[in-house]
Amino acid sequence: MLETEHEVKQLLENYGIKRPEYWIVPQSEFSDIQGILPPEKRFVLKVLDANIKHKSEIGALVVDVSRDDVGRVLENLRCRFGEKPVLIEEYIPHSIEFILGAKKDEDFEGVVGFGGGGFLTELYGDIVFRKMPLTREEIVKMVNSTRISAVFKGFRNLNYDYEPVIKAVLGIQRIFDEKGAVISELEINPLIISDSEPVALDAKIILNK
Amino acid sequence: MTLNALSMHAAPGEIRKTLAFSSRRNHEDGERIWALGKLFKPRTVAVIGASANPLKPGSRICENLSSNPNIILYPVNPKYGSLAGHRCYARISDIPGKIDLAVISVPANLVQNAVEDCIKSGIKNLLIISSGFSEVGAAGLEMEKKLEEVVSKNGIRVLGPNTLGYVNTHEGIDVIFLSKTAFQRPLPGCVSMISQSGSLAVDFMEELAYHGTGLSYFIGLGNKIDITEVEALEYLRTDLHTRVVALYLENLSRGNEFFAACKNYPHPIVLLKGGRSSKGSRAAVLHTGRMGGNYKILKGVMEQLNLVLASDEVELLDYTRAFVCPYPPNGRRVVIITNGGGNGIIAADLIEERWNEMMEVVELPSSVKRKLGSKLPAYISPSNPVDLTSESTNEHYLSVIEMLAEERICDILLFGITPNEHLNANVVRGIAEVCKKYRIPAFGYVKCPSLQMGLIKKFASENIPVYPSVSRAVNATGTFAKWHFERCREHAGNRA
């Protein structure tokens, strides 16, 4: 059973992994939403339905929308997906996406994985695993074992700080430590770094059967 | 930071004292592992299923055990009055005196009774050679489960079933169901092997013998109903001879305990994991399928533990042999000395392409180049790789290595030998003496088949691993450097 993205992100936020500023729009309030949204920002709209797995592929996810266009996109989503609530998030421009996940492994119990997110995960399989729990030093070592770690070391003048990643991994570890009895897998993809904080743009959880 | 800050091989006894049975494992576990000494160093051995028929495994086991005068052998088989000069007993209960180890080599359907007889006779350690259990399907699995039950209920220790056996080379205890003419055993040495496959282990051991590399223990795990890789690794911590463990596994018995056993293991462990692909496809992955299969997880966790992963049986052999070298590197500077320019260039290329983080083909300072020039004929260019050319002599090799060692410019030595009119086998002794004096880890390649046999063995007797190709030599050297580098970093981290 899957929790909705909104609930997963709430959980992550309690453990130090931020989410973009968001608004949840029930069907009845579609017409009022434009007035609430800040005019200077751009937005991401997602249909909240735990059963939709690849939202962007079927058009249940629309990115980089201006405030003036939000009403039109909402209308469109209602036509295609019916009376489901929609999650509106602030669109955060970013260049580097990471994946961070954890799962119960049959051999090693709780393992955590980190690597290049978004299409990099699919294209290069750039992800490394470790058995939890990890110390801060071990987290840095794990990060450095990935190809994407170049962005922490000056690749294309990018000098990402390890600290937000350490914070996110420690958060995931704490979630598994405290709620491991009910969670079987958790995945944040993409995870980005924004204002020196780890931010989950998308996240999924699979609970124990 | 120099790698020698942590001299892993300097005083093995001391390190063992501190690392064996770390505090998280309690006293009881220590006792349990210690007790395996009776199984692996028995003085009295009963062989149930002993036979006069040389085609039966029981006959070869008796033959292999008989060659050790320190072992008192009791063959058990109601068909015979005596076997190979020993009195043969009809039943295990007929044997007078205490039995350290009973070897069971009877058909699978008779094993359960044999085990129960042993338990009644107060025998605590069993080696079950017999096959026909979980590896053959449902009926075998059922028999194995019954066996497992009686074993755990009575708290006895069992190696197997379905195992090749084990060898304790230093004490001349050979409990393997293949004769010494079927495959050659290695000499006593510092490599130990734990294997879930018998055939892979036979090939490995004969390869060791062929390369002149010595063996301490071979432990065949078989179907692991009691002793698993966890106990075997813990037991080998207590062995004073072991300096590297080669491990072949198809499945992990208890992942968490395996993790704990490998963590801060005093020696390098080289792991070859079988069944990666099928396991990968069976593995449960996230619904997105993006996180990857189980081998990827195992790989990451092994990296976390600083285990050396071999991807095939050749790497298992090459990397294991590399760790016979007793000196940790002092840093990442490699000097390549060769008498074939092309080979040296390929070696330098491979080091930079594959092992850039661990090794650097060091640029020689001009003062060193001058000294080098003064020691060598004018036609030799004094740069790294040092190409001694086809006119090279023993003396060239020795004087160059000694000079570089004195200048402290060489953390790791990689040398290659191609036959010519001047070189002879004395070069081995010479290189070994210099490397020993300055504690320089040295690795070599000898590509010419006619030279390989003699030289590889000779170098092995000096603890210098030599490989039949440049590429294999470079990879083994890099793996060796990486393990020491990580180990050093780990310890530096723990101290901080």
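**Close-up views of a predicted model**

**View 1. Strand 1 and strand 4 of chain A.** In chain A, strand 1 and strand 4 (residues 86-90) are joined by four bridges in the antiparallel sense. The structure shown here and in the other views is a predicted model. Within this pair, A:Tyr22 lies opposite A:Glu89 of strand 4 of chain A. Strands of a sheet pair through backbone hydrogen bonds, in either a parallel or an antiparallel way.

**View 2. Chain A as a whole.** Chain A contains six helices and ten strands. Its radius of gyration is 18 Å, close to the 17 Å given by the globule rule for 209 residues, so chain A is as compact as a globular protein of that length. Along the principal axes, the C-alpha atoms of chain A fill a box of roughly 50 × 45 × 30 Å. Of the 209 residues in chain A, 36% are buried. Among contacts in chain A with a separation of 6 or more, 61% join residues 24 or more positions apart.

**View 3. The contact between chain A and chain B.** Chain A contributes 24 residues to the contact, and chain B contributes 18 residues. On the side of chain A that touches chain B, at least two residues each come from strand 5 (98-105), strand 6 (109-116), helix 4 (119-124), strand 7 (127-131) and strand 8 (183-194) of chain A. Strand 7 of chain A gives the most, five residues. This side of chain A is made up of seven nonpolar, six polar and eleven charged residues.

**View 4. The nonpolar cores.** The largest nonpolar core has 185 residues, of which B:Ala102, B:Val103, B:Ile104 and B:Leu413 touch the most other members. Helix 18 (residues 470-495) of chain B supplies the largest share of this core, eight residues. Another core, of twelve residues, lies apart from it and includes A:Ala60, A:Val62, A:Val86 and A:Leu87.

How values were computed
Residues numbered from 1 in each chain as written. Chains lettered and ligands numbered in written order. Predicted model: local features only at pLDDT ≥ 70, side-chain atom pairs only at ≥ 80, totals over all residues. Core = buried A, V, L, I, M, F, W, Y, C linked by C-beta atoms within 7 Å. Buried ≥ 20, exposed ≤ 12 C-beta atoms within 10 Å, placed from the backbone. Pairing = 2+ DSSP bridges. Rg over C-alpha atoms; globule rule 2.2 N^0.38 Å. Contact = placed C-beta atoms within 7 Å. Nonpolar A, V, L, I, M, F, W, Y, C, P; charged D, E, K, R; others polar.
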